[in-house]
Amino acid sequence: MNRTNRPELLPRAAAYIAGHSRQLFFALLFLTGVLLGIIAFLAGGQEWEQDLALMLKVHGVPEGFPGALSALMASCLAPFLMIGLLFLLGMSACGVPFTLIAPLFYGLGLGMTEAYYYSTGWAGVGFSALLVVPHSLIAGMALILAGAEAARMSMRLSAQLLPDAPMGGLWPDFRQYVLRFFLYLILALISGMVDVCLRLLFSFLFV
């Protein structure tokens with residue numbers, strides 16, 4: 001049975017790739033950004049070491065509910081802004097090239113952060129695995145999905161500008177677009193909550 005089922009995997013894989021080509025492309029952009037961030041750190045990390053230590057250092061959560069809320073907002077700020085920017089770009093017929101920036105830029109920051117902590121030794125590797133990677137991957141997933149959706153909507157709008165293209169019929173698509181971006185914001189919020197919860201759980205690492 002295994003031999004007869006194996007040939008079926010290739011068509012299924014091809015169908016999956018064809019059906020999720022935009023998401024896979026934006027995931028590749030995200031991973032490319034991570035790789036570029038690592039390369040950038042290796043190229044100039046020693047010269048930027050003090051500045052990077054200040055920018056990339058993960059801090060503990062301030063005591064009390066206001067402190068936790070402030071940490072949550074700070075953690076969600078960058079993903080929220082990027083998702084908002086992608087939403088606006090998706091509403092432009094010329095927005096497709098610019099939608100590529102968000103996952104690439106976020107991956108660049110994550111790559112530099114990972115490289116910085118890895119350069120500090122095994123303690124940095126463990127610290128990164130506990131407090132950087134989990135919430136960053138969730139936020140990265142939100143940006144990948146948002147970028148792919150913004151590119152889809154932008155291409156949908158640009159198709160309306162072609163000669164003899166059928167006009168209208170975008171209202172159901174727009175409602176779906178807004179709903180999906182609302183879900184991406186929730187996903188970004190979850191990434192911030194994971195970040196704050198992990199920092200609270202491992203607060204002894206900041207002592």
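Trainee: Which helices each supply at least two residues of the lining of the largest pocket?

Mentor: This is a predicted model, in which local features need pLDDT of at least 70 and side-chain atom pairs count only at pLDDT 80 or more, while totals for chains, interfaces and linings use all residues. Residues are numbered from 1 along each chain as its sequence is written, and side-chain values use heavy atoms, without hydrogens and water. Helices are DSSP runs (H or I, at least four residues) numbered from the N terminus, and those that each give at least two lining residues are α3 (49-56), α4 (64-90), α6 (101-118), α8 (133-159) and α9 (171-201).

Trainee: How much space lies in the largest pocket, and which lining residues are the closest to its centre?

Mentor: A pocket is an open set of points on a 1 Å grid over the protein atoms alone where a 1.4 Å probe fits, with protein on both sides within 12 Å along at least five of seven lines, and lining residues have an atom within 4 Å of a point. Counted as the space filled by probe spheres set on the points, which are joined across faces, edges and corners, the largest pocket holds about 690 Å³. Of the 25 residues that line the largest pocket, the closest to its centre are Met55, Ser75, Tyr106, Thr113 and His135.

Trainee: Is Leu179 buried or exposed?

Mentor: Leu179 has its place in helix α9. Buried means under 20% relative accessible area, exposed over 50%, and partly exposed in between (1.4 Å probe, protein chains only). Because its relative accessibility is 52%, Leu179 counts as exposed.

Trainee: What distance separates the C-alpha atoms of Ser191 and Cys76?

Mentor: Ser191 also lies in helix α9, yet Ser191 is buried, with a relative accessible area of 1%. Although Ser191 and Cys76 are 115 residues apart along the chain, their C-alpha atoms are separated by 7.4 Å.
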